[in-house]
Amino acid sequence: MSEQPAGTSPRPDTDEKISHVMAYTLSGIYWGELITKTIIRVSTWLRTNAVPDRITLYNAKGMITTGGQVSPTSYAELHIPLSQIQAFHLIPPEQDPIDYDPTEPNRKMEPVLVLLGSFQFKGFLRLSTTSNVKKFLEVTHELYTPVYDAEITNLLLPNLGNIRVPYVLVRQETAIFARR
């Protein structure tokens with residue numbers, strides 16, 4: 001990324017792009033501009049070896065969502081440790097193409113409810129037709145699990161409204177999964 005004067009928008013290099021993303025931690029949500037290489041599929045980026053130990057958001061905002069009065073705080077630049085990110089997605093209307101073949105045989109979309117702190121994610125896991133949520137979680141030990149067609153709400157702050165995204169990554173080890 002090219003150097004920029006303080007207080008201005010980031011300028012990506014010719015082989016880079018800007019994506020608008022939202023990251024969830026146990027105590028809040030943060031959103032802003034993420035600069036990645038053009039070839040990176042941002043939706044699945046956290047599942048790859050190309051992700052750094054910290055992600056940097058530019059022109060970012062954040063809110064503590066663990067109770068009390070909620071109002072966003074602005075940051076020119078925000079560095080979030082990957083270990084703190086509980087969920088991650090592109091901000092609509094931005095989206096990547098789907099990461100699977102919908103005509104693939106022996107696969108199903110299983111309804112699931114994911115709880116992360118005060119956030120609730122209603123969506124679907126893509127599973128084998130012979131599997132269920134319990135079996136899936138017993139055999140997959142991935143850092144981030146994709147949830148498709150998700151509706152995200154905050155149980156403590158319903159006035160935040162709902163966010164609908166086609167794809168969200170949730171940190172499997174800290175997420176509570178429920179069948180719905």
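**Exercise 1: a ring pair and its surroundings**

F119 is buried, with 6% relative accessible area. Keep in mind that this is a predicted model.

Task: work out how the rings of Y24 and F119 pair, and where the two residues sit.

Solution. 
- Start with the total: the count comes to four aromatic pairs.
- Now take Y24 and F119: their ring centres lie 4.9 Å apart, and the planes make an angle of 85 degrees. Centres within 6.5 Å make a pair, and planes over 60 degrees apart count as edge-to-face, so Y24 and F119 form an edge-to-face pair.
- Check burial: Y24 has 2% relative accessibility, so Y24 counts as buried.
- Finally, widen the view: ring pairs join Y24, F119 and F121 into a cluster.

**Exercise 2: a second pair**

Task: classify the ring pair of Y148 and Y167, then say which strands it ties together.

Solution. 
- Geometry comes in at 5.3 Å between the ring centres and 75 degrees between the planes, so Y148 and Y167 are edge-to-face.
- Y148 is in strand β8 (residues 144–154) and Y167 in strand β9 (residues 163–171), so the pair ties together parts 19 residues apart in sequence.
- Buried or exposed? Y148 is buried at 7% relative accessible area, and Y167, at 10%, counts as buried too.

Notes:
Residues numbered from 1 in each chain as written. Predicted model: local features only at pLDDT ≥ 70, side-chain atom pairs only at ≥ 80, totals over all residues. Heavy atoms only, no water. Phe/Tyr/Trp six-rings, centres within 6.5 Å; stacked < 30°, edge-to-face > 60°. Helix = DSSP H or I, 4+ residues; strand = E, 2+ residues; numbered from the N terminus. Buried < 20%, exposed > 50% of the residue type's maximum accessible area, 1.4 Å probe, protein only.
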